[in-house]
Amino acid sequence: MLPDLAHAWTVSPREAIAIQERLRPRVIDRDAAGRLETVAGVDVGFERDGRTTRAAVAVLALDGLALVDSAVVRRRTRFPYVPGLLSFREIPAVLAALDRLREPPDLILCDGQGRAHPRRFGLACHLGVILDRPTVGVAKSRLCGTHGAVRNRRGAWAALCDGEEVIGAVLRTRDGVKPLFVSVGHRVSLARAIELTLACTPRYRLPETTRQAHRLASGR
DNA sequence: GCGACAG
DNA sequence: ATCTTGTCGC
C-alpha cells in the first residue's frame with residue numbers, strides 16, 4: 001500500500017514547499033537501480049474544466065518497447081497548477097494508476113522536471129522518493145536554468161545549468177526538432193537518464209512510453 | 001516593479 | 001493542461 005491518503009495531499013502551496021525542502025535530501029542522483037526490464041510512461045490530463053484529473057500509465061519492455069501493461073484512472077482535482085508545485089497536482093492520480101498495474105515498473109519516465117527545478121525537487125524526484133524507485137524527468141519545455149546551443153542532431157545535448165550547478169540536460173531526441181529537458185529523478189545518474197531517454201525515443205521526439213500513455217488516455 | 005513560469 | 005483549422009515541410 002502506498003502513502004496516498006487524500007489528506008496527505010491536502011496542503012497549501014506554502015506547506016507544499018516545506019514538504020519539498022524536507023524530502024529533497026532523500027533524492028539519490030547516482031545509479032542505484034537493479035536490472036531495468038520495464039519502463040513506464042505517465043500521461044496526466046484534465047477533464048470537466050480541470051475538476052477531474054486523468055492519469056494513464058503505459059508499461060513497456062525496455063528491450064523492444066512493446067506494451068506489457070497499462071492503467072487509466074480519474075480522480076477529483078485537489079490542487080491548482082502552480083509552477084514549481086506540479087507534483088502536488090498530478091501525483092495523487094499517478095499513484096492510483098500505478099497501483100492498478102500487475103507489477104511495479106522498474107523505471108518511470110515522468111512528464112516533467114526532476115532535479116531541474118527551483119528547489120531541485122520536481123515531479124520526477126517527488127514520485128521517485130515516494131516509491132523509492134528509479135525515475136527520470138523528461139519535460140517538453142524549461143522550468144528554470146540556462147543552456148548553450150544544442151547541435152541539430154539526435155543524441156546531441158547541452159548542460160542545463162543554474163549558476164555553476166548542472167541540473168539537467170537539453171537533449172535532442174530527433175534530428176531538427178525541439179529538444180527535451182532531461183533531469184535526474186531518483187536512483188539514476190544524469191548520464192544514464194540521457195541514455196535511457198534515447199533508448200525510449202527510437203523514432204519520435206517524445207518517449208514511446210509517453211506516447212503510449214497519451215494514446216491510452218484518449219481511449220484506444 | 002518587471003518578466004518567467006514543468007503540465 | 002485545454003480550446004481548435006489550416007498549413008508548411010520532409
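Of the atoms of DNA strand B within 4 Å of the protein, 52% belong to sugar or phosphate, and the rest belong to bases. This is a predicted model, in which local features need pLDDT of at least 70 and side-chain atom pairs count only at pLDDT 80 or more, while totals for chains, interfaces and linings use all residues. Residues are numbered from 1 along each chain as its sequence is written, chains are lettered from A and ligands numbered from 1 in the order in which they are written, and side-chain values use heavy atoms, with hydrogens and water left out.

Helix H2 gives the most to the surface near DNA strand B, with 3 residues. Helices here are DSSP runs of H or I with at least four residues, strands are runs of E with at least two, and both are numbered from the N terminus.

Which parts of the protein approach base nitrogens of DNA strand B? A backbone N or O atom of Gln113 lies 3.0 Å from one, and a backbone N or O atom of Leu123 lies 3.2 Å from one. For Leu85, a polar backbone atom is 3.3 Å from a base nitrogen. The cut-off for a polar contact is a pair of N or O atoms within 3.5 Å; within protein, one must be able to donate a hydrogen and the other to accept it, and residues adjacent in sequence count only if both atoms are side-chain atoms.

DNA strand C is surrounded by Val44, Gly45, Phe46, Arg54 and Lys140. Strand E1 gives the most to that surface, with 3 residues. The side chain of Lys140 has an N or O atom 3.3 Å from a phosphate oxygen of DNA strand C.

Now helix H3, residues 123–131. It is mostly covered, with 8 of its 9 residues buried; buried means under 20% relative accessible area, exposed over 50%, and partly exposed in between, with a 1.4 Å probe and protein chains only. Leu123 is one of the buried residues. The cover over H3 includes helices H1 and H2 and strands E4, E5 and E8, with contact meaning heavy atoms within 4.5 Å. After H3 comes Asp132, whose phi is positive, near 50 degrees.

The largest nonpolar core has 34 residues, and Val57, Phe88, Leu98, Ile108 and Leu127 have the most contacts inside it. Such a core is a set of buried Ala, Val, Leu, Ile, Met, Phe, Trp, Tyr and Cys residues joined through side-chain atoms within 4.5 Å. H2 gives the most to this core, with 8 residues.

Last, the cysteines. How many disulfides does a search of the whole structure find? It finds 0, a disulfide being a pair of cysteine sulfur atoms within 2.5 Å. Cys110 counts as buried, at 3% relative accessibility.

Note on methods. Near = heavy atom within 4 Å.
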